[in-house]
Amino acid sequence: RFNRKGFIYTLDAIFALDIPAVIILASFQYLSQTHIARFNRSDLYRLSNDALSVLERNSGLSNVVSGSVSNAQSYLNSLPTQVCGNLTVFSTSSTLINSVQKTNCNSAGVDELVVARRVFVHSNSSTYYAKLEAWYR
């Protein structure tokens with residue numbers, strides 16, 4: 001003789017396990033197809049602003065105005081390996097003073113480029129503009 005009560009409990013238990021399993025599997029399938037950006041543009045922008053701030057405080061920007069790019073070059077080369085940067089310094093009349101780029105970095109063909117700018121005063125009391133273009137390799 002067939003016990004209907006036991007059959008309903010078994011069927012209920014199967015549905016109770018199958019429905020959450022299907023939902024979990026569908027969630028994993030969806031999440032595995034979603035590509036999360038490894039790096040964020042806002043993070044790169046903050047890093048660029050921080051770099052300009054550090055270069056200003058350690059006289060790296062003033063040295064670029066004076067013609068010595070070694071301090072700025074050293075700092076750019078110490079950025080994380082996945083980050084590239086190009087520092088350009090202009091006078092207030094938009095005349096190019098000097099430019100330095102991280103070694104082994106090329107911005108040709110880069111999809112996303114972040115630009116940070118900073119105004120600073122050189123030791124001769126003249127105002128200059130620093131522009132740091134940054135991108136991920």
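Ile23 is exposed, with a relative accessible area of 54% (exposed means over 50% relative accessible area, buried under 20% and partly exposed in between, with a 1.4 Å probe and protein chains only). This is a predicted model, in which local features need pLDDT of at least 70 and side-chain atom pairs count only at pLDDT 80 or more, while totals for chains, interfaces and linings use all residues. Residues are numbered from 1 along each chain as its sequence is written, and side-chain values use heavy atoms, with hydrogens and water left out.

Ile23 sits in helix 1, residues 4-33. Together with Leu11, Phe15 and Ile19, Ile23 makes up a nonpolar surface patch of about 390 Å² accessible area. Such patches take residues with over 30% relative accessible area and no salt bridge, joining nonpolar side chains (Val, Leu, Ile, Met, Phe, Trp, Tyr) within 5 Å and like charges within 9 Å. Areas come from the Shrake-Rupley method with a 1.4 Å probe; for residues, only the protein chains shown count as cover.

Now the overall picture. The protein has four helices and four strands, in the order α-α-α-α-β-β-β-β along the sequence. Helices (H or I, at least four residues) and strands (E, at least two) are DSSP runs, numbered from the N terminus. Of its 137 residues, 26% count as buried.

Phe120, in strand 3, is buried, with a relative accessible area of 2%. Among the residues Phe120 touches, leaving out those up to four places away in sequence, are Leu61, Val65, Val89 and Tyr128; contact means heavy atoms within 4.5 Å.

Lys102 is found in the loop between strand 2 (96-101) and strand 3 (114-121). Beyond its neighbours within four places in sequence, Lys102 is in contact with several residues, including Gln73, Pro80, Val83 and Arg137.

Here are some distances for these two residues:

| Pair | What is compared | Distance |
|---|---|---|
| Lys102 and Val83 | side-chain polar atom to backbone oxygen | 2.7 Å |
| Phe120 and Ser53 | C-alpha atoms | 9.6 Å |

Phe120 and Ser53 are 67 residues apart along the chain.

How values were computed: A polar contact is a pair of N or O atoms within 3.5 Å; within protein, one must be able to donate a hydrogen and the other to accept it, and residues adjacent in sequence count only if both atoms are side-chain atoms. A salt bridge is a side-chain nitrogen of Lys or Arg within 4 Å of a carboxyl oxygen of Asp or Glu.
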